[in-house]
Amino acid sequence: MNTQEILETLNKDGVGQGITLFEGPKDPALVIPADRLVGVCEHLKSAPSLQFDQCILVTGTHMTEIRDKKTKEVTRAEGIEVIYHVRSLRHRALVALKVHLSLEDPRVSSVASIWPAADWHERETYDMVGVVFEGHPNLKRILLPQDWEGFPLRKDYEFPKEYRGISLEVDPPWPQQ
Amino acid sequence: MGLYERNHPDVMMFKLERNLPDMGLLRVADTVINWGRSSSLWPMTFGIACCAIEMMAVGASKFDMDRFGAGAFRATPRQADLMIVAGTVNAKMAEVVKRLYDQMPEPKYVMAMGACTVGGGPYWKHGYNVVKGIDKFVPVDVHVPGCPPRPEAILEGIRFLQRKIMARRVLTRGEHHTPDFTGVSVSPGTTGIQDPQLNTAPAVPTEATS
């Protein structure tokens, strides 16, 4: 069962509105509208023909803007992409789900109530990229200290000079490029 | 003056120097004390990252850190002399390392083991949360570079630290120090402990009293 067949199954079950197939250079994925994520995930888990019962990974990426080289048109807007990998042990299938969010206010519903394994993954995504998962039971930083400023895996992140009086700078400083 | 201040090394040293002005004897005592300290370096059971695996290898029988008297790993900072910081110290961990160092009794020594603790290591440029060298917040006695260092390098670091301890002065203050203690307070340069009794007895009459 590949991603194309999963999308066909979703369309046949009547939950495939707005879902598009992303055919990347390596792995295909299903791009889901942010407001329909929870419904699609519940169907993915509960439908007997799908049974995606194991959440492998939740992560986020800061996608930079891509312009066409000739026409200078924006082919991909800047934003944040949240990626879910879920596996069906019953049907031996793996599918990737993607949700595109805006950089200014990245918000998406939490799937921790569907797959409990997504709880800490979503906390890490919030910690590193700053995606706010609405409905998450305990959305706070998981790796960095609670009073840390900024989200380190964003492209525009600036390194802190010090943390609680301990210098994080290099002596001698970094060479200017 | 409480029991702690009366038995503080600085105060005891002052009294020793006052009662034993013969510096040759004190130098012999220095050697004996340093020999004792350097031959029983007790490290703390304390590893942060992958360097700790090498530290365990040094403690095990193949390399046997106990040959140099440094094999008695203590599970508490209160009984440890040497803190081997083995692993990447990030901003969240630095406070804990600092607190462990503060909890160790004097005299205490720190070995920065591995590239991360020496200067950031592979996280030198892109480690936003890594402290680039633990000498940013604790004094380091010996740096052992490597990623991780070979066990022989750690043994060499131990031997280096022992040589450093043997060169220290414990009771004698300096090369050309003359034992004239009239009205002199205990030097605050080492620990900052002041002896009020010793301070309030100026032997030299001042203008106000004469």
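Student: What should I know before I start?

Tutor: This is a predicted model, where local features need pLDDT of at least 70, side-chain atom pairs count only at pLDDT 80 or more, and totals for chains, interfaces and linings use all residues. Residues are numbered from 1 along each chain as its sequence is written, chains are lettered from A and ligands numbered from 1 in the order in which they are written, and side-chain values use heavy atoms, with hydrogens and water left out.

Student: How many helices and strands does chain A have?

Tutor: Helices (H or I, at least four residues) and strands (E, at least two) are DSSP runs, numbered from the N terminus. Chain A has 3 helices and 11 strands, in the order α-β-β-α-β-β-β-β-β-β-α-β-β-β from the N terminus. Its C-alpha atoms fill a box of roughly 60 × 45 × 25 Å along the principal axes.

Student: And which elements make up chain B?

Tutor: Chain B has 8 helices and 3 strands. From the N terminus they run α-α-α-α-β-α-β-α-β-α-α.

Student: What share of the residues is buried in chain A, and what share in chain B?

Tutor: Buried means under 20% relative accessible area, with a 1.4 Å probe and protein chains only. In chain A, 40% of the 177 residues are buried; in chain B, 38% of the 210 residues are.

Student: How do I read contacts along the sequence?

Tutor: A contact means heavy atoms within 4.5 Å. Take the contacts between residues at least 6 apart in sequence: in chain A, 50% of them join residues at least 24 apart. For chain B, residues 24 or more positions apart account for 74% of the contacts with a separation of 6 or more.

Student: What area is buried between chain B and chain A?

Tutor: The size of an interface is often given as the accessible area lost when the parts come together. Here the buried area (the accessible area, with a 1.4 Å probe, that two parts lose on being put together, summed over both) is about 1,500 Å², and carbon and sulfur atoms give 65% of that. The contact takes 21 residues from chain A and 15 residues from chain B.

Student: Which residues form the salt bridge between the chains?

Tutor: A salt bridge is a side-chain nitrogen of Lys or Arg within 4 Å of a carboxyl oxygen of Asp or Glu. The count between chain B and chain A is 1. B:Glu95 pairs with A:Arg164 in a salt bridge, and their closest N and O atoms are 3.2 Å apart.

Definitions and conventions: Buried < 20%, exposed > 50% of the residue type's maximum accessible area, 1.4 Å probe, protein only.
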